[in-house]
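Subject: Handover of a model

Hello,

The structure you asked about is below. My notes on what was found in it follow, with the cut-offs for each term.

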Amino acid sequence: MDSVPSPSDDCGLVTASPADPDAGISEIAERILAEHARILRLFGALYDLAWRVDPAVSRLTLAQVWSRLADLLVAHTKAEEVCFPTMYGDGAHALAVKEAAAADHNDIREAVEQARLLDAGSARWWQVITAARTACAQHFGSEERTASGAASPATGTGPSPAGSPR
Ligand SMILES: [Fe+2]
Ligand SMILES: [Fe+2]
């Protein structure tokens, strides 16, 4: 199983500098990439735990890992929204990008709240977790393409709305 980062390790973008809009766009992009990797590792850890032999231990640990992941997802999406002006700038296209990203974030946070109400390890919980993981993977992919375009203006590609194909 991939190691589960400690809470302090989870929060490079999120709590170390939750509202650091003065950070350079390359620095923000690096932090976002690192957090995406942590989030996806934690999702992977949940699936690894599902194979544990002792279901009681597995469910307890699932709940612990999920709690950490849920907190990270909420903090990550909120921190990104604070950084939206730096990440995307102004103008009509930027507004569309920010609205698309915010809509994805709302969906992710709704899934988190839904899963918090369910028993970790239950069939319904796994359905919500699986949907959340898919939504995160899609959103992160779009966001990373946008961030790399914004961090490398020489490419001339410019940002595209999160959630939309380039
Ligand atoms: Fe995002
Ligand atoms: Fe993100």
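A residue counts as buried if 20 or more other C-beta atoms lie within 10 Å of its own, as exposed if 12 or fewer do, and as partly exposed in between, with C-beta atoms placed from the backbone. By that rule Ala111 is buried, because 20 other C-beta atoms lie within 10 Å.

This is a predicted model, in which local features need pLDDT of at least 70 and side-chain atom pairs count only at pLDDT 80 or more, while totals for chains, interfaces and linings use all residues. Residues are numbered from 1 along each chain as its sequence is written, and chains are lettered from A and ligands numbered from 1 in the order in which they are written.

Overall content

The protein has 4 helices and 0 strands; helices (H or I, at least four residues) and strands (E, at least two) are DSSP runs, numbered from the N terminus. The order from the N terminus is α-α-α-α. Of the 166 residues, 33% count as buried. Two residues are in contact if their C-beta atoms, placed from the backbone, lie within 7 Å. Among contacts between residues at least 6 apart in sequence, 66% join residues at least 24 apart.

Helix α2 and its partners

Axes are lines fitted to C-alpha atoms, for helices over the stretch in contact, and angles run from 0 to 180 degrees between N-to-C directions. The axes of α1 (residues 25-49) and α2 (residues 55-88) come within 10 Å and cross at roughly 160°. The two helices are therefore roughly antiparallel; angles under 35 degrees count as roughly parallel, over 145 as roughly antiparallel, 65 to 115 as roughly perpendicular and the rest as oblique. The contact of α1 with α2 divides into 17 nonpolar, 4 polar and 4 charged residues. In this classification Ala, Val, Leu, Ile, Met, Phe, Trp, Tyr, Cys and Pro are nonpolar, Asp, Glu, Lys and Arg are charged, and the others, Gly among them, are polar.

The axes of α2 and α3 also come within 10 Å, crossing at roughly 170°. That makes α2 roughly antiparallel to α3. By class, their contact has 12 nonpolar, 2 polar and 4 charged residues. On the α2 side, the residues that meet α3 include Trp66, Leu73, Thr77 and Glu81.

Among the buried residues of α2 are Trp66, Leu73, His76, Thr77 and Glu80. α2 bends by about 50° at Val82, and Pro85 follows within four residues; the bend is the angle between axes fitted to the seven residues ending at a position and the seven starting there. After α2 comes Gly89, with a positive phi near 75°.

Ala101 lies in α3 (residues 92-116). It counts as buried because it has 24 C-beta neighbours inside 10 Å. Its C-alpha atom is 9.1 Å from that of Thr77, 24 residues away along the chain.

His105 is also in α3, and counts as buried with 20 C-beta neighbours inside 10 Å. Leaving out residues up to four places away in sequence, His105 touches Thr77 and Glu81.

With residues up to four places away in sequence left out, Ala111 touches Val128, Ala131, Ala132 and Ala135. Ala111 and Ile129 are 18 residues apart in sequence and 7.7 Å apart from C-alpha to C-alpha.

Regards
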